[in-house]
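Please walk me through this structure from the start. I am new to it and would like to know what to look at.

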Amino acid sequence: MQTEEHPRIQRVVSRLCGCEEEEFVLRVVQPSLVGLIDGTVSTLAPIFAAALSANSHTALVVGIATALGAGVSMGISEALSDTGEVTGRGSAWVRGGFTGAATALGGIFHSLPFLISNVNHALIVAAAVVAVELLVIAWVRHRFLHVSLRSSLVVVTLGGAIVVAIGAILGSA
């Protein structure tokens, strides 16, 4: 069934997974969104703590290690949490793959600015990357989960701010 609002997206979705948009949301979008939120938010504290207490190189290593470790953990957790048979959410391992990959990507993107050796410049670029990540998360939630864009931005940004504050406090201690 094609929606009049997004007929082209619906056709692409149907081709990608051989399913309707509702199934695509359950099998791909929701697991990916969980991973992207977790990867983006949970890696902020270790990265910012490392940047403030050490240097850019340490923040880069901590960020990438945290992102990859979280990706593996979240992927396995999603795969083991629901076989998909009862809920109709599709293959557990496919969902786990989407969750794990999105978790890793969410953490890696704002780790990469720490390739910049000046930690203060790297922190500014990383903050901008996080802002873009949060906008993407809010848009995906709005588009596929029909959540208010404003509400989504507020909730996701608040969560990110709390985790950054934790990292900043610990990194400055």
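**A helix under cover**

The buried residues of α3 are covered by elements that include α2, α4, α5 (92-109), α6 and α7. Contact here means heavy atoms within 4.5 Å. Helices (H or I, at least four residues) and strands (E, at least two) are DSSP runs, numbered from the N terminus. Before going on, a word on what you are looking at: this is a predicted model, in which local features need pLDDT of at least 70 and side-chain atom pairs count only at pLDDT 80 or more, while totals for chains, interfaces and linings use all residues. Residues are numbered from 1 along each chain as its sequence is written, and side-chain values use heavy atoms, with hydrogens and water left out.

How much of α3 is buried? Seven of its 10 residues are, which leaves the helix mostly covered. Buried means under 20% relative accessible area, exposed means over 50%, and partly exposed lies in between (1.4 Å probe, protein chains only). The buried residues of α3 are Leu44, Ala45, Ile47, Phe48, Ala49, Ala50 and Ala51.

Now step back to the whole chain. It has seven helices and zero strands, so the order of elements from the N terminus reads α-α-α-α-α-α-α. Of its 173 residues, 42% count as buried. Among contacts between residues at least 6 apart in sequence, 62% join residues at least 24 apart.

Next comes the interior. In soluble globular proteins, nonpolar side chains tend to be buried together. A nonpolar core is a set of buried Ala, Val, Leu, Ile, Met, Phe, Trp, Tyr and Cys residues joined through side-chain atoms within 4.5 Å. The largest one here has 28 residues, of which Phe24, Phe48, Ala59, Phe114 and Phe144 touch the most other members. Two or more residues each come from α2 (21-42), α3 (44-53), α4 (56-81), α6 (119-145) and α7 (149-172). With eight residues, α6 gives the most to this core. To see one member up close, pick Phe114: leaving aside residues up to four places away in sequence, it touches Ile47, Ala51, Ser56, His57, Ala59, Leu60, Val119, Ala122, Leu123 and Ala126.

Let us return to α3 and its partner α2. How do the two pack? Their angle is about 25 degrees and their axes are 5 Å apart, where axes are lines fitted to C-alpha atoms, for helices over the stretch in contact, and angles run from 0 to 180 degrees between N-to-C directions. The two helices are therefore roughly parallel to each other, a label for angles under 35 degrees. In this contact, Thr40, Val41 and Ser42 of α2 meet Leu44, Ala45 and Pro46 of α3.

Thr99 is in helix α5 and counts as buried, at 0% relative accessibility. Thr99 touches Pro31, Ser32, Gly35, Met74 and Glu78, not counting residues up to four places away in sequence. Thr99 and Val34 are 65 residues apart in sequence, yet their C-alpha atoms are 6.5 Å apart in space.

Thr157, in helix α7, is partly exposed, with a relative accessible area of 36%.

Finally, find His146 in the loop between α6 and α7. His146 counts as exposed at 65% relative accessibility, and it has a positive phi of about 60 degrees although it is not a glycine.

Terms used. Angles under 35 degrees count as roughly parallel, over 145 as roughly antiparallel, 65 to 115 as roughly perpendicular and the rest as oblique.
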